[in-house]
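Hello,

Here is the structure you asked about. Please open it first; the notes on what was found follow below.

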Amino acid sequence: MPSVGSTRRFWETRAAVLAFRLNVGSWLERFGPVLFAITSVGAVVLYALRRIREAAEPGWFALAVAVVLAGLVVWWILRRRFFSAAEARVLLESRLRLDTRLTAAAAGLVEWPEIPDDLPRILRWRLAAPAGWSAGALLLLVLAAWMPVPDIGSNAHATEKPPSLALTESILAALAETKVADSAAIEQMADRARELASRPTDEQYSHSALEAADALRDQTTAAVAELGRNLEAASSALNSKEKDAASKSAADQLSAALSGLKEGSMPANANLLKQLGDASSLKGLSAEQLKALAQQFAEAAKNAKGVLGAAGAGAVPRPGMGNGEGMTGYGSGGTGGGKESAPLGLNKDASDAGDGKAEALSSASLANLALGDKLGTSSGAHKVDPNQATGPTSAGAIAAPAKGGEAVWVNRLTPAERSALKDFYK
C-alpha cells in the first residue's frame, strides 16, 4: 500500500502537470498567429538578404530574438488567465468525481484518495490551429532559406545595347558612309562607343554607363549638327562670292566657315577642305567653279543633316537633333509605302493673309445674340465748357448745418409683441 507521502506527491504532481498543459495550450493558441506574422516578415527579409548577396546570419539571429520576445510578451499578457495548481486540482476532482476530497486533503482535513490503477484522460489537446500556424511559419522559413534566387547581377531583359548607344553607333555608321566628315574623328567617337558596348550587359545598364551613353549621344549629335551648319555656311559664302567676287563680307564668311570645318568637334572630310582651301585662294575661280563648289558643299550639308534626320536606320530623332537648328529632321515614312512626312518646320517668312474683310451684322442676326455680346464700340472726347468751370476751393469752405443721428431702421411691433419684450427685458 503506498504511503501517505507518495499519494500526496502523486496527486500534487497530477495537478501541476494538468495546470501546465492547460497553460501551454492557451499560450499556443494565442502565440500561433503571432508566430506566423513575425515569420512572414522575417522570411521576406531573409530572402531579400539572399537576393542582394548579403550575409543572412544576422537576419536569422534577429528573427530568433523576435520570436522569443513575442513568446514572452504573449506569456506576460496571458499570465493572469493561467491555471494555478489549486484550480487544476479542482478540475481533477470534477473529472474524477472525487467531490472535494483533493482540496480537503490539501488542507489536511482528510486523507488523500488512493491512487487509481487506471487514471482516465483529463485533458485532450486540439492542436490543429497551433500546428497549422507553426507549419505555415516553418514553410515560409524553408522557402526563404532554399528558394532559388535569380541572378540580379545581370539584367535578364537587357539583351540589346542601350538605346542611346545604339543610336550613336548608327549615326556614326551613317556619317561614315556619307564621307563628309573626317574619318579619324568618326573613328575616335566610334572607339568610345565600342568601349561602352564591350562592357558586360549588367554594366551597360548601370546608372553611370547609361549616363555615359547619353552624354556620348549628345556629343555626337551636336558635333554632326555643327558640321552641317559649317557646311551650309561654306555653301552660302561661296554663293555670295559667286555673285560678288570682291565682296569682303563673303570672304569673311568663307574664312569663318573654313575655320569651323577645320577646328570643329567633327571636322570635315580632308578632300572637302582641300577643295575649299582658304578664302584668298578662291579669287582665281570662275563663277561656274564657285557655283559647282557651293553645290557640292550644299549637298554635303544635306547629307550631314540627313544623318541626324534618319538617325542611321529610320530611328526617330529627339527634338533638337533633326537639322542642327532646333528642329527634328523629316523622316522617310513608315514601312507601309507612304511618302515622306509633311514639312512641319517653321518658315522664316510670315504668310500674308491680308487685312481681311469687315462685315456688319444684319438685322436678322441680332436674334442670335446672347446676353453680354458686344454690339459695337464708339470713341469720343469730353466736352468742357470753360465758361461754366469754377476755380479751386479751399478745404473746409463748404458749410452745412449740423445734423444729429438718424435711426437706421424702425421696428413696428404689435401690442402683444411689445408686451412680450417688456416682460423679457424687465
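Two residues are in contact when they have heavy atoms within 4.5 Å of each other. Please keep in mind that this is a predicted model.

Met266 belongs to the largest nonpolar core, a set of 37 residues. Which members of this core touch the most other members? They are Leu175, Leu227, Leu231, Leu261, Met266, Leu276 and Phe297. Six helices each supply at least two residues of the core: helix 6 (163-178), helix 7 (183-197), helix 9 (207-243), helix 10 (248-263), helix 11 (270-276) and helix 12 (287-310). Helix 12 gives the most, with nine residues.

There is also a second, separate core of 15 residues, and Trp11, Leu96, Leu98 and Leu123 are among them. As background, nonpolar side chains in soluble globular proteins tend to be buried together.

Now the chain as a whole. The accessible surface of the protein chain comes to about 29600 Å², and carbon and sulfur atoms account for 57% of that. Finally, take the contacts between residues at least 6 apart in sequence: 69% of these join residues at least 24 apart.

Regards

Technical notes
Residues numbered from 1 in each chain as written. Predicted model: local features only at pLDDT ≥ 70, side-chain atom pairs only at ≥ 80, totals over all residues. Heavy atoms only, no water. Core = buried A, V, L, I, M, F, W, Y, C linked by side-chain atoms within 4.5 Å. Buried < 20%, exposed > 50% of the residue type's maximum accessible area, 1.4 Å probe, protein only. Helix = DSSP H or I, 4+ residues; strand = E, 2+ residues; numbered from the N terminus. Areas by Shrake-Rupley, 256 points an atom, 1.4 Å probe, with all protein chains shown as cover.
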